[in-house]
Every structure is written in C-alpha cells, then in structure tokens.
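Okay, thanks for having me, everyone. Let me put the structure up and then walk you through it.

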Amino acid sequence: MLYQRVTLPNGLRILSSQMTSVRSVSVAFYFGVGARYEEAEVSGVSHFIEHMLFKGSAQYPTAQAISEAIEGVGGVLDAATDKELTVFSAKVASRHFDLAMNLLADMVRRPRLDPVELEKERRVIIEELGMYRDSPQEWVGVLADEVVWPDLPLGREVAGTRETVSAISLDQMDAYRRAHYAPNNLVISVVGDVTSEQVMAAVERLLGDWEAAPSPVWLPCPQPAGTPRVKLETRRTEQTNLCLVTPGLAHNDPNRHVLTLLNAILGDGMASRLFLEVRERQGLAYDVSSSPVAYHDTGMFVVYAGVEPKRTAAALRAILAELGRIRAEAPPVEELSRAKEYIKGRMALGLESTGSVASWLGGQEILLDEILDLDDVLARIDAVTQDDVQRLAQRLFQDEWLRLAVIGPQKNAEELDRLLKL
C-alpha cells in the first residue's frame, strides 16, 4: 500500500494514497477527541458538536446547504463519535474532490453553532438517546461500559444523558470545540483518484493557516477492582440481552494480534466456538458473538448473547465454559490455522474500497502514531502460536475481573453473580 505522509507546521497530518483504478475519492477527517475527554457535567458534548457541524458553516450556512452541496454531486457525507475519536468523512466522484475538501474544512473550522439550531438538535439527541434506551440490544452495551468502568469517562454513554445534553450551553460547546478541534489534533486521510499534489494543495489552502492549540488530554481508566460484577436492568422483555466482559488490550499492546486470533476462535463468525456450541449444538441463543474493544490505555473483551430468559443461566454457563476451555487448552494447530486464514481474508477483502483504505491509514495514524502495511499485519498474524493464544486467554480470563451486564426480566443480580466462574 503506497501512501504519502506529510505534517504541516501547525501539526496537521495528511495521508494520501492514489488509486488510479477508481473514479472516486474518499476523504476522512480524524480528530483525536471523544467521550473520554469530557468532564462529567458536559458528557455528550463531543457527540453534540458532531451533530451541530452539520447544521451550518460559514460557506454553507444551513443544514440544507450542506446536504445539497454533497448530494447534489451524488456524494455521501457521514460522521461518527466514539470514546476517543470523532470522524467526518465524504466520498465523491474524483472530479468533485475540491468540493468535498472545501465542505469538510468549512464544517470543522467555521461552524455557525446557531443558538436556534442548537435547541432543535438538543431535542433530536434526546430522542436519539431514547431510541437507544428502547433497544436492549444496543443499551446492554452501555451497561457493559458502566459495569467495567463505573464513574469513569470510559463508562459513560458517548451521547451523554438526558440531563447533561439538556444542560450543555452554547458557550460550553464552543469552548470545548476550540480546545479540541485543532490542526495538531487532526489527521486527514485521502484515498482515490487524486494525486498527493492535489491533496496537499487543497489542505494547505484551506487549513494551512489554522493555528495549533494545546493537545487535549485524557484521564487514565484502569479497571477498578472490588466493584460489583453484575449490572442488571430488569425489564419485561421477550429476550434477555447480556454482555459478559473480561479485560482486553490497549491499541498498541504487543499482543493485539494474538487477541484478534483469540477472538476469531471464540466468537467471530459462524465457525467460531461460541456460535457452534451455544447456538448450533445447544440451541441456547439465536445471536452470540465476541469482540475486542481497545482504547489508549486499556480495553475489554465482550461476549454478547440474546437468549430466551429461562435459558439465561444455561447460556452463560456455556459461554464461560468456552472461555475456560481455551484458557486450559491451547487451540489445535488446525483451528488456529483456520482462524488465521479467516482474519487474513477478511482484512484483504476489507481494503478494496477507497473508504476502507482511508480508514486503515487514518485510524492507525491517529491512534497508534504509526501505520502498518497490510503485509506487515498479515506477517504478525502468521507469527502467532498456539501457546500465545492460550497465554493471553489465561491473562485475560480470570474470575475476579469478569463483569456482566444484563437487560431482561431477571430480578436477582446476586444469582447472576454466582454464575461468574470459569
């Protein structure tokens, strides 16, 4: 994967990769800021700002002007906020590259933050929170964060709460934006039918004179010991949704590629152990899967399942048995080889579009301060041994660090806690 990397004097980093086989360009602006950077009283402000940037800017003064600018040329505009990142992206036909750059640059650098629009969007976000709250499959993930990191930034919902969103003022929002939306906290990734010279000319014209600001800081969030292991939200639902959580790894942990394979073996895909055992053999859940979540300094490993309420205990025992089995026994060489081919194939297929390559480059740069080529990552995957996987399972899967989030008709958290044994 060939790309150019340039850092401007104001700290803004630009990554560009030309793909002459396509006629499109993907542009992604990665800001190193998200929910974990927020004070408790303004929880949700990063997500709120993401919404407000679509409501108008200096050159595109209304939400309609923004949407018409990009949709008028058949393009796509998107954004997302999580715990550590806020991303704004656009994909257009290559002849409209300058338009996409102008639009994104104006949105992030010169948003209007109109007071009338702010009040409208405040109501929209409160409705969004209600939508998530009404979806147990979504909300159980919020409870999982809370049970792992109670009263810590990583334990908060990205969108905030009704109370915090209702109270965030325009002045608080603008002060937060000015402190965190700065060129030295931004990575721009551009991939497609465009030259690096075109990219650099556009970025320097639009953002080269943007002044740097002090780098934002985040509060370390080691998982606290001795906290309640179960967070139960009792609801009259037809299905119990649960997340079983163990510690995970930070973004740059040397064992992160081992964790990728551990996850593939346990719960990534229909050939994984959890899917075959919990769903296919025992029929205890329609949906069961696992996924690692990484942050700057920590992480978690999550097993999700949606089960019939009366089968909750049986499903939980079956999940824990699989975690215990891989901790006790190294995976057979054939199973590890299959997992490697599965991961390598998914990675290769996932890098066939301009957007995915832009995400690959920009995501690594903003989170890791380095970019590994696909071949480098595949080599690291191939180097993982059976013993590596077992050792990591032994390190992560321990009774005292197990946590459980549950939404369903269950009423007794203590009964669920007694099940948490490997």
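I'll go from the overall picture to the strands, and then to a few loops.

Some ground rules to begin with: this is a predicted model, so keep in mind that local features need pLDDT of at least 70 and side-chain atom pairs count only at pLDDT 80 or more, while totals for chains, interfaces and linings use all residues. Residues are numbered from 1 along each chain as its sequence is written, and side-chain values use heavy atoms, with hydrogens and water left out.

If you like boxes, the C-alpha atoms fill one of roughly 60 × 50 × 35 Å along the principal axes.

How much of the protein is buried? Of its 422 residues, 55% count as buried, where buried means under 20% relative accessible area, exposed means over 50%, and partly exposed is in between, with a 1.4 Å probe and protein chains only.

Now the strands, and I'd like you to look at β3, residues 24-31. How many of its residues are buried? It's 8 of 8. Both faces are covered, with Ser24, Ser26, Ala28 and Tyr30 buried on one side and Val25, Val27, Phe29 and Phe31 buried on the other.

Which strands does β3 pair with? Pairing here means that DSSP finds at least two bridges between two strands. One partner is β5, residues 86-93, antiparallel over 8 bridges, and there serine 24 has alanine 93 as its bridge partner. Another is β6, residues 186-192, also antiparallel, over 7 bridges, with phenylalanine 31 standing opposite leucine 186.

Staying with β6, there's a parallel pairing as well: 6 bridges join it to β2, and leucine 15 has serine 189 in β6 as its bridge partner. β2 is mostly covered too, with 5 of its 6 residues buried. Then β2 runs antiparallel to β1, joined by 4 bridges, one of the pairs being glutamine 4 with serine 16.

That β1 and β2 hairpin has 5 residues between the strands, and glycine 11 takes a positive phi near 95° there. In the loop between β1 (4-7) and β2 (13-18) you'll also find asparagine 10. Is asparagine 10 buried or exposed? It's buried, with a relative accessible area of 9%. Beyond its neighbours within four places in sequence, asparagine 10 touches Pro183, Asn184, Leu207, Gly208, Trp210 and Ala212. Its C-alpha is also 7.7 Å from that of aspartate 209, which is 199 residues away in sequence.

Let's compare that with alanine 58, in the loop between α1 (45-52) and α2 (63-71). Alanine 58 counts as exposed, at 52% relative accessibility. Still, leaving out neighbours within four places in sequence, alanine 58 is in contact with Asp106, Arg110 and Arg112. Between alanine 58 and arginine 110, which are 52 residues apart along the chain, the C-alpha separation is 5.7 Å.

Leucine 113 has a phi near 50° without being a glycine, and sits in the loop between α3 (97-109) and α4 (115-133). At 8% relative accessibility, leucine 113 counts as buried. Aspartate 151, not a glycine either, has a phi of about 60° and lies in the loop between α5 (136-148) and α6 (162-167). Aspartate 151, though, is exposed, at 80% relative accessibility.

That's my tour, thanks.

Terms used:
Helix = DSSP H or I, 4+ residues; strand = E, 2+ residues; numbered from the N terminus. Contact = heavy atoms within 4.5 Å.
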